[in-house]
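Please examine the model displayed here together with its sequence.

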Amino acid sequence: MSSSSSAVRKTKGLLAKQLRHDLTVGLLHSWPKYIPVVLIFLIPAFQQASLVRSEAALGHLAASFTTGDLVLYAFRGMEVYTPAQGSPFQVPVVWLIVNLYLAYIIGNYPVQDLLGYGQQLLLRSRRRGLWWAGKCVWNLASVLTYYAVGWLTLLMATPLLGGTLSLIPTQALTALHMRASAYIAKDLLLSAAVLPVLTSIALSLMQMGVMMYFKSIGGYVAVVCVTASSAYFFTPLLIGNCSMLLRSRLIRADGIDFAVSVLSCLSVCLLAAAVGYMGFCKKDFLDKA
C-alpha cells in the first residue's frame, strides 16, 4: 500500500514538473508572440467602428456601439459560399489571420522540446504519457491566452473608438446581415465566446498530433488545409465552419447548430489527442532528424 502511494506521489511530482516546464518555457517565455494578437483583433474593431459611423451618417444606425457588437463582428467569419450563384469567392482575411497566427504560436515547441530539456524530463520519468499530457495542457493554455488577449483588446478598444463598455450587443445583428431580437444576439454572443475557442483548441491539438508524424511543417499545413477548406465548403465536418457566426443556425435556417458544433470540435479534440499520442509513442525522440 505504501509503495502504491509512493508511486502516485512520484507520478504527481513528475506531472507537476512537466507542467511547470511547459507553461514556463512554452507559454511565459513566448509572450512576445502574443503582442501581434492585439493588432490582429484591432482590425475588426476598427472595421466595425468605421461601419457604424458610415451607417450612422446615412441614418441607418445609431452612432454608438458596444463591446458586444465588436465581439460579434470579430467572429462573424463569412457567409456560405455558393459557386453556382456565380459570385466570386471572397477570402475571410481576418478570420484566416486569427486562425493561422495561432497556428504559428503553437509552432514547433513540442518538437523543439524533444531536442532540449523536455527530452531530459522524458528520459528521467520514462513516461511518455506525462510528456504528452504536459503538451496538451500547454496547448490548451496557449489557446486560452490567445483569446484572452483578443477579448481584452476588443474591450480596451471600445471606449477608444467611441463605444460603450457593455457585452450586450445592440447593432451587430445588422452588421451580420440579420435583424432579430436581442435574445438572438445574446445567443450569438455565447457562440462567439465558446465556439471559436473550442474550434481553435481542436485545430491546435490536431496540429500537434500531425507533428508527431510529419514534423512541424506538417502540422501547420494541416491547419492551413482545414481552415481554407472550411471557408469554401459548408459542413460541420470541417470544423472551421463551427467558429463562423454567419454559418450558425441562429443566422441561417440551414446553419450549424450550437450543440453540433460543440460535439464536432470535441470529437476532433479527442481524436487528435489520441492519434497524436499513438504517434508519439512510436516516435524515436532521440532521432534529431
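**A guided reading of the model**

Ala-274 lies in helix α10; helices (H or I, at least four residues) and strands (E, at least two) are DSSP runs, numbered from the N terminus. The model is a predicted one, in which local features need pLDDT of at least 70 and side-chain atom pairs count only at pLDDT 80 or more, while totals for chains, interfaces and linings use all residues. Residues are numbered from 1 along each chain as its sequence is written, and side-chain values use heavy atoms, with hydrogens and water left out.

Ala-274 is classed as partly exposed because its relative accessible area is 38%; buried means under 20%, exposed over 50%, and partly exposed in between (1.4 Å probe, protein chains only).

The secondary structure as a whole comprises ten helices and zero strands. Of the protein's 289 residues, 47% count as buried. Contact means heavy atoms within 4.5 Å; among contacts with a separation of 6 or more, 77% join residues 24 or more positions apart.

Helix α7 covers residues 128–160, and its 33 residues reach 48 Å from first C-alpha to last. This is close to the expected 48 Å, the expected span being 1.5 Å times one less than the number of residues. Just after α7, Gly-162 adopts a positive phi of about 95 degrees.

Thr-67 counts as buried because its relative accessibility is 2%. Beyond its neighbours within four places in sequence, Thr-67 is in contact with Leu-154, Leu-155, Thr-158, Thr-164, Leu-165, Ser-166 and Leu-167.

In soluble globular proteins, nonpolar side chains tend to be buried together. A nonpolar core is a set of buried Ala, Val, Leu, Ile, Met, Phe, Trp, Tyr and Cys residues joined through side-chain atoms within 4.5 Å. The largest such core here has 63 residues, and those with the most contacts inside it are Phe-41, Phe-75, Tyr-146, Tyr-147 and Met-206. Two or more residues of this core come from each of α2 (35–57), α3, α4 (93–106), α7, α9 and α10, with α9 supplying the largest share, 19 residues. Not counting residues up to four places away in sequence, Phe-75 touches Phe-41, Tyr-147, Trp-151, Ala-192, Pro-196, Ser-243, Met-244 and Leu-245. A second, separate core has six residues, including Met-78, Tyr-81, Leu-96 and Ala-231.

Attention now turns to the surface. The protein exposes about 14000 Å², of which carbon and sulfur atoms supply 68%; accessible areas come from the Shrake-Rupley method with a 1.4 Å probe, and for residues only the protein chains shown count as cover. Tyr-213, Phe-214, Leu-271, Val-275 and Met-278 form a nonpolar patch with about 520 Å² of accessible area together. The elements that give two or more residues to the nonpolar patch are α9 (182–232) and α10 (258–281), and α10 gives the most, with three residues. Met-278, found in α10, counts as partly exposed because its relative accessibility is 46%.

Most residues other than glycine have a negative phi. Lys-215, by contrast, has a positive phi near 65 degrees. Lys-215 is placed in helix α9 and is partly exposed, with a relative accessible area of 44%.

Note on methods. Patch = residues over 30% accessible without salt bridge, like charges linked within 9 Å, V, L, I, M, F, W, Y side chains within 5 Å. Salt bridge = Lys/Arg side-chain N within 4 Å of Asp/Glu carboxyl O.
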